[in-house]
Amino acid sequence: MDFKKQFKEGLITQNPVTVQLLGMCSTMAITISLFNGIGMGLSVLVILTLSNIFISALRNIIPNKIRIACFIVVIATFVTIVDLCLQAFLPDLSENLGVFLPLIVVNCIILARAESFCYKNSVAASAVDGICQGLGYTLILVIMCVIREFLGKGAFGGGILNGGKGIQIFPANFAISGMAQPVGGFLTLACVIAAMQYFLSKSKNKKTEKKEEVEK
Amino acid sequence: MSEKNVKTEKVKKDLKNGSGLGQLTITLCAISAICALLLGLTNMVTAPIIVQNQEKKKTEAITANVMPGYTGVLSQVNYVGSDATILSVLKGDDNSFVVEVAPKGSFSGNLTLMVGIDPNRAITGVYAVSSGETAGKGSLALEADYLQAQYTGKSGPLSLGGEVEAVSGATITSVAVCNAVNSAFEAINNTADGPYDPNLTPSVPDEPNVSENIRSMAQEGSGYVAVVDCGPDSFSKTLVLRVTLDANKAVSGIEVVESGETPELGGKVLEAENLQKYVGQSGTAEIDGISGASYTSNAVNAGVNAALKAVE
């Protein structure tokens with residue numbers, strides 16, 4: 001269990017949204033205000049970590065043939081627990097997230113990590129993996145929220161700053177309202193993925209260059 | 001030692017690769033049972049809080065839109081009538097009502113309204129809780145300004161074209177709203193508590209020194225203006241109010257002409273926001289007193305009721 005490696009993987013090299021291309025629907029739908037983005041990101045982080053721990057703890061008992069069914073049962077349980085807790089203690093966030101909170105059950109990130117990582121690794125490593133992948137997901141959500149809110153409404157920090165209205169950086173009339181619509185979500189996500197892939201390949205090239213130099 | 005390890009590994013592998021129906025069933029059931037237990041525990045903890053939150057939200061909607069400024073408790077009463085459009089009837093401790101109605105004949109078929117009715121059977125507010133009416137068309141008949149102007153302060157049954165005007169281009173929705181309001185007035189007579197009994201309307205407390213201290217009473221337009229001397233009951237003995245009454249003999253405004261009450265105590269009763277609570281009341285008027293300002297509260301109350309009595 002290499003915390004540093006897993007942290008780097010979760011945030012950058014194996015980022016669930018921009019590299020693994022998982023959980024994109026919720027990314028595009030939720031990222032309209034910063035409060036929703038952070039709230040959703042942290043909810044996924046909690047659910048991912050809890051279900052990772054649970055599945056990893058049971059990995060030697062769950063038979064291969066019904067492993068997907070077991071994963072879904074466990075994930076659905078934790079999603080429902082988080083949903084009930086939000087409804088009770090953070091009703092505003094629960095209302096804002098709406099149907100996307102129950103949809104976390106079929107969020108590919110959680111199922112993919114359960115299948116590819118937790119089923120074969122220790123509880124501690126799985127827990128760390130859950131946290132790091134959750135952080136990576138939240139990071140992308142925050143980036144997209146900031147971009148879409150700025151371009152689509154001319155604001156920053158919607159739902160959190162300025163008593164919930166967000167700081168208006170320029171009047172909303174001059175904003176591109178399409179950015180706050182689904183089309184804006186697609187475009188923003190595409191640009192973020194492209195940017196990430198560019199920087200990743202650039203650093204990869206640098207590394208191979210360095211390696212060649214050393215070999216020389 | 002290594003033999004034990006090999007054995008454990010074999011058991012683990014067998015478990016994982018085992019495909020006997022029995023093993024699959026038992027494992028899945030066991031996992032489901034543990035998950036169900038966790039869910040049950042969470043529900044036990046969160047369910048009461050969620051119910052509380054929902055009630056709070058409903059009360060906030062009521063206090064903000066349907067019965068502005070209402071601070072009492074609303075409790076559900078049994079509706080025993082036969083109108084299927086009545087969803088629920090809530091009764092306040094001062095004999096006011098909030099009726100939730102889903103009128104038939106709305107444009108979208110999906111319209112729920114809340115109608116607030118005060119103890120004097122005047123409407124305090126109408127609010128669309130949920131609606132599928134066309135934005136910009138039917139929705140115009142559900143806007144706060146329209147509902148306030150057409151319905152607030154009036155007593156049912158009402159008719160379109162008579163007491164209430166429809167919105168042009170939104171006839172269907174206007175009709176649905178009017179029907180809902182009339183259904184609400186019917187509903188409050190059909191609760192388990194029995195039909196509306198005027199004797200149940202809370203009476204004004206004993207008015208010790210109220211001689212009709214009406215300094216002047218004049219007709220103004222379709223209503224009346226009364227200048228009332230509330231001094232005898234007040235704290236400073238100096239308190240004169242101008243009470244404006246509308247065509248329905250309900251209070252439409254109260255102004256302070258002269259006052260010697262202590263600003264931070266009795267003065268609170270005389271603030272515009274507080275006097276506003278009398279607006280719409282007729283017959284016998286009452287609002288909540290303000291603690292620490294009983295003299296002034298009672299004096300104002302006596303004065304307003306003297307004015308109302310004078311026009312009966």
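These are my notebook entries on a predicted model with chains A and B.

**Entry 1. The interface**

I began with the contacts between the two chains. I found 25 residues of chain A in contact with 23 residues of chain B. The area buried between chain A and chain B came to about 2,100 Å². Carbon and sulfur atoms give 75% of that area. Asn60(A), Pro63(A) and Leu84(A) supply 23% of the area that chain A buries against chain B, more than any other three residues.

Next I counted the polar links. Three residue pairs are in polar contact between chain A and chain B, both residues being at pLDDT 80 or more. I also asked which helices of chain A each supply at least two residues of the side that touches chain B. They are helix H4 (67-89) and helix H5 (91-97). H4(A) gives the most to that side, with twelve residues. By class, I noted 17 nonpolar, five polar and three charged residues on the side of chain A that touches chain B.

**Entry 2. The salt bridge between the chains**

The rule finds one salt bridge across the interface of chain A and chain B. I looked up its partners and have them as Glu95(A) and Lys57(B), with the closest N and O atoms 3.4 Å apart. Over all chains, the count of salt bridges comes to five. Glu95(A) lies in helix H5 of chain A and Lys57(B) in helix H2 (residues 21-66) of chain B, so this pair joins two chains. I checked the accessibility of each partner. Glu95(A) counts as exposed, at 52% relative accessibility, because the cut-off for exposed is over 50%. Lys57(B), with a relative accessible area of 48%, is partly exposed.

**Entry 3. Two salt bridges within chains**

I turned to chain A. Asp129(A) forms a salt bridge with Arg113(A), and the closest N and O atoms are 2.8 Å apart. Asp129(A) belongs to helix H7 (residues 123-153) and Arg113(A) to helix H6 (residues 108-118), so the pair ties together parts of chain A that are 16 residues apart in sequence. Are Asp129(A) and Arg113(A) buried or exposed? I have both Asp129(A) and Arg113(A) down as buried.

In chain B I looked at Glu255(B), which forms a salt bridge with Arg242(B), the closest N and O atoms being 3.1 Å apart. Here the link runs between strands: Glu255(B) lies in strand S9 (residues 251-259) and Arg242(B) in strand S8 (residues 239-245), so the pair ties together parts of chain B that are 13 residues apart in sequence. Glu255(B) is partly exposed, with a relative accessible area of 43%. Arg242(B) also counts as partly exposed, at 32% relative accessibility.

**Entry 4. Helix H3 of chain B**

I went through helix H3 (residues 144-151) of chain B for its buried residues and listed Tyr146(B), Leu147(B), Gln150(B) and Tyr151(B). These four cover an arc of only 95 degrees around the axis, which puts them on the same side of H3(B).

What do the buried residues of H3(B) pack against? I found strand S5 (123-131) and helix H4 (171-187) of chain B. On the face of H3(B) turned away from the buried side I noted the exposed residues Ala144(B), Asp145(B) and Ala149(B). After H3(B) comes Gly153(B), whose phi is positive, near 90 degrees.

Leu21(A) has a phi of about 55 degrees. Leu21(A) lies in the loop between helix H1 (3-13) and helix H2 (24-30) of chain A. At 42% relative accessibility, Leu21(A) counts as partly exposed.

In chain B I noted Asn95(B), with a positive phi of about 75 degrees. Asn95(B) is found in the loop between strand S2 (86-92) and strand S3 (97-101) of chain B. Where Leu21(A) is partly exposed, Asn95(B) is buried, with a relative accessible area of 8%.

Key:
Residues are numbered from 1 along each chain as its sequence is written. Chains are lettered from A and ligands numbered from 1 in the order in which they are written. This is a predicted model: local features need pLDDT of at least 70, side-chain atom pairs count only at pLDDT 80 or more; totals for chains, interfaces and linings use all residues. Side-chain values use heavy atoms; hydrogens and water are left out. Contact means heavy atoms within 4.5 Å. Buried area is the accessible area (1.4 Å probe) that two parts lose on being put together, summed over both. A salt bridge is a side-chain nitrogen of Lys or Arg within 4 Å of a carboxyl oxygen of Asp or Glu. A polar contact is a pair of N or O atoms within 3.5 Å; within protein, one must be able to donate a hydrogen and the other to accept it, and residues adjacent in sequence count only if both atoms are side-chain atoms. Ala, Val, Leu, Ile, Met, Phe, Trp, Tyr, Cys and Pro count as nonpolar, Asp, Glu, Lys and Arg as charged, and the others, Gly among them, as polar. Buried means under 20% relative accessible area, exposed over 50%, partly exposed in between (1.4 Å probe, protein chains only). The arc is that of the directions from the helix axis to the C-beta atoms.
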